[in-house]
Amino acid sequence: MFAPRTTPWPLVALFTAGYLAPYLLPTTVGRLERGLGLSATQAGAVGSALLLSSATAGFLLASRVERAGARTLARLGLVLAVIGYGGAALTSAVPAVVAGAVVGGLGSGTATTVAATRIAAEPDPHRASTLGLLSVSALAGVVYLTVPHLPGHGLTLAAIALTALAVWPLTSRLPAGTPGQRPTGPAPATVRLPHRRSGLVLAGTMLLWSLAQNALWGVSGRIGVGQAHLSEPTVGAVFAVALGAGLLGVLTAGALGSRLGRALPIGGGTVLIAGCIALSASATGLGSFAAGEIAWNTIYPVVLSYLIGLAASLDPRGRWAVLVGSASSLGTAAGPLTGSVLSAQAGFPVMGAVLGTGLLLVALPMTAVALHTGGRPLLPGAIRRRGGHPAALVAAATGTPTGAVPEVGAQEQPVVEIPLDGTPAPARRAYGTAAAAQSPGAS
């Protein structure tokens, strides 16, 4: 009998609190622009400052969660989110709003770091991350449907602050010490990052991957109104339906699990996203605009969930999950500015073609990383005594928690000979020369 899987609800809630700010970035920037009289560039800069602050927290804390404790850091992040976003929502002074967004971004980044670290230590990180994406997508959809009917520049910021406040009681169920098993040997901060080359490639491609997604997301409203000639309520309805489709995408990712591996959903999904971006950017009517946006928002969370799971599988301590997530935040921050510059210089269709081509290029190294770190299961006895990489591939391909099969260092392991009583040691001359033509198993 297999033990029933327990749902890590505290991690799902913390994941939601950390990821909600990036999900609500378009409406946050729009509200700041209209409510505070900022230009589109100025409001976008505030959003970029928020995301850069979140990414900074991830880079700084990637290797410090074990030392400080998950519960302590999670509570610190939630406090910063409540103070930062709450303060920005309650004031109309632009400098105070900017400062609150930066402080809140630090809180979001800290919460995301702790959630990513703990999810990487779960027996099924893909399932935990899928539940987190489902939760944040549903909550963001509610906000998108509610906020347009209410006045004020700080409603989305207040929603993020209230979410962080609601998650606080669940932090008591987080451990105060090291997540997962405590390895013997060097201190956690000094353990070398595994899969360095794969991790660096994945982080670099995730930065470009997220940049392309948010370059389109940042100008989608302008495409719908200016190029597709739709009204603002119609564009809002398309976005609401697209977010609902995103929920279906997350449910699909959860249902598929590891059945298709990681390479096919990541590589094939990214290729499909490239086509959706090109379609949306060239839309001239409701049909093409809605088709591109809805299809894109359906596929995007599916690919993202597998990318999060891939990053988590590279290091059971969660450091690569945090670093890759922080690199993704950098791309998210630069996305709206990139989309604005490309569309202003060359137009929306050319912007879509450029972004789509870039996604096709990054799909190749992403797929290569997924194949390299999650290959086919090995046959019995194929685990080598040096390097240990085949053992790691078995764990990644069969669903075994990463880290359950330790990698062996470069040093040769000693072989212990166990003599058997009553069995004489055969003489060296008793062995014949193995013939090349002998069949396997022949004496």
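**View 1. Q213 sits in helix α9.** Helices here are DSSP runs of H or I with at least four residues, numbered from the N terminus. This is a predicted model, in which local features need pLDDT of at least 70 and side-chain atom pairs count only at pLDDT 80 or more, while totals for chains, interfaces and linings use all residues. Residues are numbered from 1 along each chain as its sequence is written, and side-chain values use heavy atoms, with hydrogens and water left out. Q213 has a relative accessible area of 1%, so this residue is buried (under 20% relative accessible area, with a 1.4 Å probe and protein chains only). Beyond its neighbours within four places in sequence, Q213 is in contact (heavy atoms within 4.5 Å) with I273, W296, Y300 and L359.

**View 2. F239 and F289 form a tilted ring pair.** Their ring centres are 6.3 Å apart and their planes lie at 50°. Rings of Phe, Tyr and Trp (its six-membered ring) pair if their centres lie within 6.5 Å; planes under 30 degrees apart are stacked, over 60 edge-to-face, and the rest tilted. F239 belongs to helix α10 (residues 232-256) and F289 to helix α12 (residues 286-313), so the pair ties together parts that are 50 residues apart in sequence. F239 is buried at 17% relative accessibility, and F289 is buried at 0%.

**View 3. R75 lies over the face of W168.** The distance to the ring centre is 5.2 Å. For an Arg, this calls for CZ within 6 Å of the ring centre and within 35 degrees of the ring normal.

**View 4. The largest cavity holds about 710 Å³ of space.** Of the 40 residues lining this cavity, Y19, P22, Y23, Y300 and L304 are the closest to its centre. Helix α12 gives the most to the lining, with 9 residues. By class, the lining has 23 nonpolar, 17 polar and no charged residues (nonpolar: Ala, Val, Leu, Ile, Met, Phe, Trp, Tyr, Cys and Pro; charged: Asp, Glu, Lys and Arg; polar: the others, Gly among them). On a 1 Å grid over the protein atoms alone, a cavity is a set of points where a 1.4 Å probe fits but cannot get out, and lining residues have an atom within 4 Å of a point. Points are joined across faces, edges and corners, and a volume is the space filled by probe spheres set on them.

Terms used:
Helix = DSSP H or I, 4+ residues; strand = E, 2+ residues; numbered from the N terminus. Buried < 20%, exposed > 50% of the residue type's maximum accessible area, 1.4 Å probe, protein only. 1 Å grid on protein atoms, 1.4 Å probe; cavity = no way out; pocket = protein on both sides within 12 Å on 5 of 7 lines; lining within 4 Å.
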